[in-house]
Amino acid sequence: MYLNVYCPRLGFYIYKNFMLTSKLSFWQCEGKRMMLYFSKLIGDNEMSQKIDTNRRVVLAERPNGLPNKNTLKLEVSEVPTSGMGEMLLQTSYLSLDPYMRGRMNDTKSYAEPVKLGEVMTGQVVAKVISTKCDGFDKGDYVLASSGWQDYALSDGVGVRNLGNSPDNPSWFLGILGMPGYTAYAGLLQIGKPKPGETVVVAAASGPVGATVGQIARIKGCRVVGIAGGADKCAHVVENLGFDACIDHRAEDFSEQLKAACPKGVDVYFENVGGKVLYAVLPLLNAFARMPVCGVVSWYNLSGLPEGPDFGPAIMGTILRMKVKVEGFIIFDSFPQSLFKDFIRDMSEWLASGKIHYKEQVVEGLENAPAALNDLLVGDSFGKIVVKV
Ligand SMILES: NC(=O)c1ccc[n+]([C@@H]2O[C@H](COP(=O)([O-])OP(=O)(O)OC[C@H]3O[C@@H](n4cnc5c(N)ncnc54)[C@H](OP(=O)(O)O)[C@@H]3O)[C@@H](O)[C@H]2O)c1
């Protein structure tokens, strides 16, 4: 299929005989600007969700470092038709999460990598468009893992029905979903914070870190966040109620962190690794706990990092300070019953205003690749979701 894009404002064809079925490649900064430029010129119609085509973002190439213009490609295909026992889902919101970078690598992990040519993996909130599937009605919103695309078929397995008019549907991708549960389970089951203890967490304005810190405050701890930049740090203290927040980009970051933790650190909730980990290590108290949730500062490494070898300092501290270090993957590491406790507690904390939630909504599936890169380098602010 060929596309002619005529711009009435400019009075000429921007594209003639443009092959629509060919893969549109995405490229980080230029891509975002060009897509915005073209969507403005052509009246925001050509790239938005349509009922007769399915746009799917596929993994075209495995990245070496940060994903680039060749990593993800937008394809256009037919909307699938549901058969018996199936339903057709239309994506409303797509969640962007740091784990997606790991799925682009063909390495051994807790989950299979995305195959080349396959739709990028991702959790979505979607609407049921048609259904021959028990337990789901037309118009229901669902939480599904159907990835970066407009439409998908589902047999209902592993799909959560959110009903036909959930409040804040996108929150099920954040504070009431995987990131919120990660914070709750990792902190309470592994970190086991006690009143009066000091809890440190980085990526403190993001969905996991922000929730960790606020729960630790509810549990009576001193909470020190670490974030990138003055705006994020101000938000963490003023809106989320942390006791302090240190900018990891500051030259005297380690000294500031030490000053903010006068009684040392009892729980370090590990989200980023790298220099934040190295700054926290000397502050750990005896019998400190370290839930290892993520190491996002290392996700784009294509080899070992440059600089001194911190192996001896890390293992020596764990030994001498009797630190309990435990990695976890949220849906493998805890009993299923804990999720119910999480929903009960989190719903109560949100309703009573004890927990605040910040979301950043990116418009359009076509902008998802650039937004994922923003997330990986710290240019997002709050839980990032794409309104498809
Ligand atoms: N184990 C599990 O089951 C599980 C589940 C969910 C999430 N996670 C992990 O939890 C962590 C947080 O996830 P999230 O969804 O809440 O992400 P997020 O906070 O929205 O995004 C990651 C943040 O990491 C920070 N960052 C990036 N590079 C950094 C660097 N070099 N040094 C310091 N900070 C850096 C940035 O914040 P600043 O600008 O503030 O630095 C960035 O915004 C990630 O590591 C993720 O992989 C694990």
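The open sheet in this predicted model has 6 strands in the order β13-β12-β11-β14-β15-β16, and the pairing is parallel. Strands here are DSSP runs of E with at least two residues, helices are runs of H or I with at least four, and both are numbered from the N terminus. Two strands pair if DSSP finds at least two bridges between them.

Before I go on, the conventions. Residues are numbered from 1 along each chain as its sequence is written. Since the model is predicted, local features need pLDDT of at least 70 and side-chain atom pairs count only at pLDDT 80 or more, while totals for chains, interfaces and linings use all residues.

Strand β15 (residues 284-292) runs parallel to β16 and is joined to β16 by 4 bridges. M290 is opposite V325 in β16. Helix α6 (residues 253-260) packs on the sheet and touches β12 (222-227) and β13; the direction of α6 makes about 170° with that of β13. Contact means that C-beta atoms, placed from the backbone, lie within 7 Å. Angles run from 0 to 180 degrees between N-to-C directions, and axes are lines fitted to C-alpha atoms, for helices over the stretch in contact.

Next, the helix pairs. How do α3 and α4 pack? Helix α3 (residues 178-191) and helix α4 (residues 207-218) have axes 8 Å apart, at an angle of about 45°. α3 and α4 are therefore oblique to each other; angles under 35 degrees count as roughly parallel, over 145 as roughly antiparallel, 65 to 115 as roughly perpendicular and the rest as oblique.

Last, β17 (residues 359-363) and β18 (residues 383-387) pair in the parallel sense over 5 bridges. V362 has V386 in β18 as its bridge partner.

Definitions and conventions
Two residues are in contact if their C-beta atoms, placed from the backbone, lie within 7 Å.
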